[in-house]
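Reader: I am new to reading protein models. Could you show me how to read a few features, one at a time?

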Amino acid sequence: MIQAGDFRNGVTIEFEGNLYQIIEFQHVKPGKGAAFVRCKIKNIKTGGVVEKTFRPSEKVPKAHIDRRDMQYLYSDGELYHFMDVDTYDQIAVNATAIGDSLKFVKENEMVKVISHQGSVFGVEPPINVDLQITETEPGLKGDTAQGATKPAIVETGARVMVPLFIEQGEMIRIDTRTGEYMGRA
């Protein structure tokens, strides 16, 4: 159990039957009345953000989240298969739990599988990945004053905006958090 007065950014709690991560918190002591803690909390499974207020002495259960390094093996339609490289245990995760978090991840790459009490609810890809451009239009010189981009398809099938000088077959580095081009690999 954790008291609301001890909340910090990034702490994961169980509240109203769901898992929430504290994004922002503020201790408020109004001139009149009792103090309270105003929080922005994010539902880990759905991604929704809500604002809640707690009394500083109110206790909520702290949730223990497991993050394990696993190798992404393959996908067979609705299931994604992962393997623990230490124990060689394999698990299959439903596509709804993963969402689009694997759109920049190739087979046999390492990812973090996130679970709570043995139930997998998400996957964190590596922060940066190097992928090859499989399809893009040729860029024309002199088309722009500065910083123009064009769409490109990478080897995983994801669409990324890249500068005009990038050509088909080149390796590029992508930030998986934002989906943005970072540079040549």
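Predicted model: local features only at pLDDT ≥ 70, side-chain atom pairs only at ≥ 80, totals over all residues.

Reader: Is aspartate 69 buried, partly exposed or exposed?

Author: Partly exposed, with a relative accessibility of 43%.

Reader: Which side chain does aspartate 69 meet in a salt bridge?

Author: Start with the general idea. Side chains of opposite charge can pair when their charged atoms come close. Here aspartate 69 meets lysine 112, at 2.9 Å from N to O. The two lie in distant parts of the chain: aspartate 69 in strand β7, lysine 112 in strand β10 (residues 110-116), 43 residues apart. Lysine 112 is partly exposed too, at 32%.

Reader: How many salt bridges does the structure hold?

Author: It holds 9. One of them joins glutamate 124 and arginine 67, at 3.1 Å from N to O. This pair also links distant parts of the chain. Glutamate 124 sits in strand β11 (residues 119-124), arginine 67 in strand β7 (residues 66-75), and 57 residues separate them. Glutamate 124 has a relative accessible area of 30%, and arginine 67 has 46%. Both values fall in the partly exposed class.

Reader: Where does arginine 184 find its salt-bridge partner?

Author: In a loop. The partner is glutamate 170, at 2.6 Å from N to O. Glutamate 170 lies in the loop between β14 (159-163) and β15 (171-175), while arginine 184 belongs to strand β16 (residues 180-184). They are 14 residues apart. Arginine 184 is partly exposed at 47%.

Reader: Strands next. What is the order of the strands in the open sheet of 5?

Author: First the idea. Strands of a sheet pair through backbone hydrogen bonds, either parallel or antiparallel. In this sheet the order is β9-β8-β7-β10-β11, and the pairing is antiparallel. The edge strands are β9 and β11, each pairing on one side only. From one strand to the next, the twist averages 45°.

Reader: How many bridges join β10 to β11?

Author: There are 5, and the two strands run antiparallel. Look at lysine 112 again. Its bridge partner in β11 is glutamate 124.

Reader: One last residue. Is tyrosine 20 buried or exposed?

Author: Buried, because its relative accessibility is 8% and the cut-off is under 20%. Tyrosine 20 is found in strand β3 (residues 18-28). Now check its surroundings. Beyond its neighbours within four places in sequence, its contacts include Val11, Ile13, Phe15, Ile41 and Val50. Asn43 is also among them. The C-alpha atoms of tyrosine 20 and asparagine 43 are separated by 4.5 Å, though the two are 23 residues apart along the chain.

Notes: Residues numbered from 1 in each chain as written. Heavy atoms only, no water. Salt bridge = Lys/Arg side-chain N within 4 Å of Asp/Glu carboxyl O. Helix = DSSP H or I, 4+ residues; strand = E, 2+ residues; numbered from the N terminus. Buried < 20%, exposed > 50% of the residue type's maximum accessible area, 1.4 Å probe, protein only. Contact = heavy atoms within 4.5 Å. Pairing = 2+ DSSP bridges. Axes fitted to C-alpha atoms, helices over the stretch in contact; angles between N-to-C directions.
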